[in-house]
Amino acid sequence: MALGKLEALHRRVVDCRRCPRLVAYREEVAQRKRAAHRHEPYWGRPVPGWGDPQARLLVVGLAPAAHGANRTGRMFTGDGPYGAGNFLMAALHRAGLANQPFSCSQDDGLSLYGVYLTAVVRCAPPGHRPTPEEIQRCIPYLAEELEMLQQVQAIVALGRLAFAGTVVVASYHPSRQNTQTGRLTPQMLDDVLALAQRWANKKGAEPRPLSRTL
Ligand code: SF4
């Protein structure tokens, strides 16, 4: 995998303005801000994927959170103590895939090992609901990313994502609505990651052309 190509893709992603509704929303949120973060700069742009370029495991979310990744500029980062980012990072830490169990800012010291985090849609959508047209417009970035992450052997799809091909292990999204109601418990996400890791580390598994499965 050419790291330069992945970085070039990320530069294109953060400059993207293909979806007028999402561009307006992400920038409006970045101006308005949440009271708790009113003195902080907001990213307010598309959020690229991040993690280990040699990852064998890919975790795919739906889209950045308005006051989480749209604020910090990093996937699954900064959406609060009980947000999806910390819930997921605690599970990745228990699985030996992250060096710490929280994710709050770009300079929080977090490192990921063997796992890469990305999303179907790169801009925060109103109500966390992108339209089908917005998903279609953004999906090519995910396809390109998958093509460059050539070691990926298993995918954990968080939320209502449906794509077939190389092993997909689906889980409820670690949103507050799911984690605070017990629909998704830490043990359940541990089990999902353990299953995905077993597949990702299967001996003799050949990398497959993931981009063609989207
Ligand atoms: S959602 Fe994707 S395609 Fe639409 S503006 Fe953001 S980065 Fe571009």
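Predicted model: local features only at pLDDT ≥ 70, side-chain atom pairs only at ≥ 80, totals over all residues.
1. Numbering starts from 1 along each chain, following its sequence as written.

2. Some geometry for that pair: α4 (residues 84–94) and α7 (residues 186–200) pack at about 55 degrees with axes 9 Å apart. Axes here are lines fitted to C-alpha atoms, for helices over the stretch in contact, and angles run from 0 to 180 degrees between N-to-C directions. Helices themselves are DSSP runs of H or I, at least four residues, numbered from the N terminus.

3. Who touches whom? A90, A91, L92 and R94 of α4 meet P186, L189, D190 and L193 of α7, with contact meaning C-beta atoms, placed from the backbone, within 7 Å. By class that gives 6 nonpolar, no polar and 2 charged residues (nonpolar is Ala, Val, Leu, Ile, Met, Phe, Trp, Tyr, Cys and Pro; charged is Asp, Glu, Lys and Arg; the others, Gly among them, are polar).

4. The axes of α1 (residues 3–14) and α5 come within 10 Å and cross at roughly 170 degrees, so α1 runs roughly antiparallel to α5. On the α1 side K5, L6, L9 and V13 take part, facing Y141, E144, E145 and M148 of α5. This contact holds 5 nonpolar, no polar and 3 charged residues.

5. Now the ligand: 14 residues surround it, the closest being C16, C19, P46, C123 and C138 (the cut-off is a C-beta atom, placed from the backbone, within 6 Å). The shell divides into 9 nonpolar, no polar and 5 charged.

6. On confidence, the protein chain has a mean pLDDT (the predictor's confidence in each residue, from 0 to 100) of 88, and 89% of its residues reach 70 or more. Watch residues 203–214, where pLDDT stays under 50.

Notes
Contact = placed C-beta atoms within 7 Å. Helix = DSSP H or I, 4+ residues; strand = E, 2+ residues; numbered from the N terminus. Parallel < 35°, antiparallel > 145°, perpendicular 65-115°, else oblique.
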